[in-house]
Amino acid sequence: MIGPGPYRRAALALLVAGFGVVSALLALSRLDLGAEALRLCLQVSVVVTAGALFLAGLFVVRMSDDRRQIARSEQRFRRAMQDSAIGIAIVGLDGRIMETNPAFASMLGYSREEIEALTFLQITHPDDLHIGRETMEGIEAGTVDAFQFEKRYLKKDGTPVWSHLAGSVIRDDKNGRPLYLVSQIEDIDARKQAEARIAEAETRWNFALAGAGQGVWDLDMRRGGTTYSSTWVKMLGYDDGELNGDPDHWLTMIHPDDREAVADADREHLAGKTDFFEAEFRMRHKDGRWIWILDRGKAIERDGDGRLIRAIGSLTDITRRKETEERLTVSAAMLADEKERLRVTLQSIGDAVICTDAANRVTFMNPVAEKLTGVSGEAALGKTLGHVYWAVDEETGHRIGVSRPAIGAEVPSDQNSRAVLIRRDDTRCSIRQVVSPIMNERHEFCGLVIVFQDFTDARALQRQLAHAAAHDALTGLANRSSFIRTMEEIVDQARKDAAATGSSGRQFMFIDLDHFKLVNDTGGHAAGDALLKRVAEAMRGVLGPEDIVARLGGDEFAVILKSGSTASARIAARSVLDAIAGLNFTWDGRPHAIGASIGLAAINSDCGEADEIIARADAACYAAKASGRGCVCVAPDGMITDDRSERPLAAAS
């Protein structure tokens with residue numbers, strides 16, 4: 001297309017030519033030329049003039065079209081600038097904003113009038129003022145015609161906003177000098193924030209993986225191999241990138257004993273048989289040692305034929321866990337052996353053993369415990385202890401507790417030698433038990449161990465020995481030593497009762513048989529022993545159940561009466577005399593008759609010690625013998641005298 005410049009020059013040339021022709025015609029008209037020459041000159045001038053007029057008209061039309069095109073171009077530019085979704089600004093070389101569009105003003109929170117009164121330096125973040133300086137130097141040097149970079153601007157309220165700026169340099173057509181800049185400014189703040197969040201999440205993810213000792217591998221067939229994270233390669237002692245590439249190289253680093261199983265797991269996942277690839281195996285470290293690895297991965301992309309395109313996974317160093325598992329396996333085997341030894345030991349010992357858990361449920365019973373309780377171990381397991389083992393105190397009948405100790409309390413073993421085991425069939429068995437709580441290293445209660453023995457025979461023997469120690473072997477009555485102990489206790493109690501309630505106390509009776517020596521002399525000791533047994537039975541028959549009867553030795557007996565009344569004591573003494581006198585004792589066909597003399601003494605707070613009371617009663621008994629035998633004498637407190645008032649009793653005997 002021919003521009004306005006050539007038209008303008010052609011029109012001027014024709015006009016000049018036309019004026020030249022006119023001038024020539026005027027000059028020729030003064031000359032004497034022929035008619036043909038004048039006609040020719042006239043025709044030429046007409047043609048030239050017509051051409052000049054044509055070109056002038058054409059120039060006018062072209063100028064009008066150019067103006068319309070320029071107006072339309074300017075309208076398009078204005079409309080594009082006004083309607084653009086991104087900011088557009090015309091900026092002078094000094095940074096002054098010559099013109100801007102509403103999008104840029106709105107992006108920074110200004111009106112167009114406000115922002116066009118500012119410079120780009122005034123709306124740029126202070127930390128980003130250095131951005132673009134090299135670009136301006138290149139523009140002024142003529143080496144830069146277009147530019148783009150990212151920087152932060154400041155909104156009207158001071159808030160920073162990230163923007164992408166792309167600009168062009170408008171230069172003078174004649175000398176190429178830069179006139180101004182046209183810049184497009186795009187708001188990328190949301191993108192920058194998203195990138196920051198992604199970067200932060202990736203940083204946290206990388207930190208988490210590194211902290212957990214996990215490395216990441218990425219198999220991408222488009223890129224031709226596998227890449228490994230820095231944690232992954234450092235885990236095996238390599239440098240970043242040293243293992244990248246060959247997707248099958250990792251298989252060569254696996255322990256030969258593990259390689260086949262890992263390869264099978266890999267093939268099954270690649271074939272789509274498993275949702276994930278997971279395997280534990282040993283890999284060779286760069287220094288030659290083996291480390292245990294947990295590898296998890298998944299195929300995330302396949303082509304149309306199902307072939308693998310991309311897979312991602314992680315590797316975790318589980319060497320410590322495997323070492324711990326190995327130690328635990330060894331410990332478990334040792335514990336199993338120890339448990340078996342303990343089981344055999346418990347099965348073999350003569351003591352019964354029952355174990356419970358923290359909830360008091362039976363966890364173990366050995367054969368001896370099964371025999372003593374009458375419950376099989378199989379039936380007892382899982383049952384509460386009360387269903388299997390029920391022990392009570394032999395004397396009180398109260399159940400002996402075997403419950404868990406209080407929190408924080410001392411937990412010594414509880415021993416009991418007077419327990420009685422009540423079986424489910426209500427039969428009983430005397431036992432000696434030791435209950436020991438089981439506490440763990442945190443002092444938490446874990447259960448009980450009950451060890452018990454059948455103590456029936458031993459306890460019977462103990463009772464026999466205790467009875468023999470306290471009773472006369474011939475008559476079964478209390479012997480002298482046990483009677484003296486009982487007497488001392490009663491004397492002490494009499495003092496306490498007198499001080500507290502004013503009680504009158506009790507009565508003591510000293511009995512000596514009459515004519516007993518004659519039986520021994522004539523019938524022998526066997527006859528004497530038989531007679532002593534009959535005397536003991538007779539005395540027990542006439543005295544009350546709470547009266548205490550003892551044989552002090554030989555033919556001497558003693559009684560502690562429950563009653564503290566002297567009158568009641570006399571009646572009881574008379575009953576004893578009558579019972580002894582009424583014995584019809586015959587030995588070897590020969591009858592023997594005996595009697596008795598009795599001395600009485602009070603037991604109260606003023607009577608003195610036990611031996612003093614016995615001495616007074618003994619003296620009273622001798623007084624009764626001196627009075628003719630077969631009678632009762634009462635010793636007054638503090639002295640020993642004959643009680644002549646008892647003579648009628650002696651006479652009655």
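Reader: In this predicted model, which residues of helix 17 are buried?

Author: Ala-569, Ala-572, Ala-573, Arg-574, Val-576, Leu-577, Ala-579 and Ile-580 are the buried ones in helix 17. Here is the general idea: an α-helix has 3.6 residues a turn, so residues three or four places apart point the same way. Helix 17 covers residues 566-581 and reaches 22 Å from its first C-alpha to its last, close to the 22 Å expected.

Reader: Which residue caps the N-terminal end of helix 17?

Author: Ser-565 does, with a side-chain oxygen 3.3 Å from the backbone nitrogen of Ala-567.

Reader: How should I read a core, and which residues have the most contacts inside the largest nonpolar one?

Author: In soluble globular proteins, nonpolar side chains tend to be buried together. In this structure, the largest nonpolar core has 33 residues, and Ile-580 and Leu-513 are among those with the most contacts inside it. Helix 17 and strand 17 (506-514) are among the elements that each supply at least two residues, while helix 16 gives the largest share, nine residues. Leaving aside neighbours within four places in sequence, Leu-513 touches residues including Leu-532, Val-535, Phe-557 and Ile-580.

Reader: And the sheet: in what order do its six strands lie?

Author: Strands of a sheet pair through backbone hydrogen bonds, either parallel or antiparallel. Here the order is 12-11-16-15-14-13, in an open sheet with antiparallel pairing. Strand 12 (362-365) and strand 13 (391-393) are the edges, each pairing on one side only. Between strand 14 and strand 15 there are seven bridges, and Leu-421 stands opposite Cys-429 in strand 15. Helix 14 (residues 456-470) packs on the sheet, touching strand 14, strand 15 and strand 16.

Terms used: Residues numbered from 1 in each chain as written. Predicted model: local features only at pLDDT ≥ 70, side-chain atom pairs only at ≥ 80, totals over all residues. Heavy atoms only, no water. Pairing = 2+ DSSP bridges. Helix = DSSP H or I, 4+ residues; strand = E, 2+ residues; numbered from the N terminus. Contact = heavy atoms within 4.5 Å. Axes fitted to C-alpha atoms, helices over the stretch in contact; angles between N-to-C directions. Expected span 1.5 Å × (residues − 1). Buried < 20%, exposed > 50% of the residue type's maximum accessible area, 1.4 Å probe, protein only. Polar contact = N/O pair within 3.5 Å; in protein donor to acceptor, adjacent residues only side chain to side chain. Core = buried A, V, L, I, M, F, W, Y, C linked by side-chain atoms within 4.5 Å.
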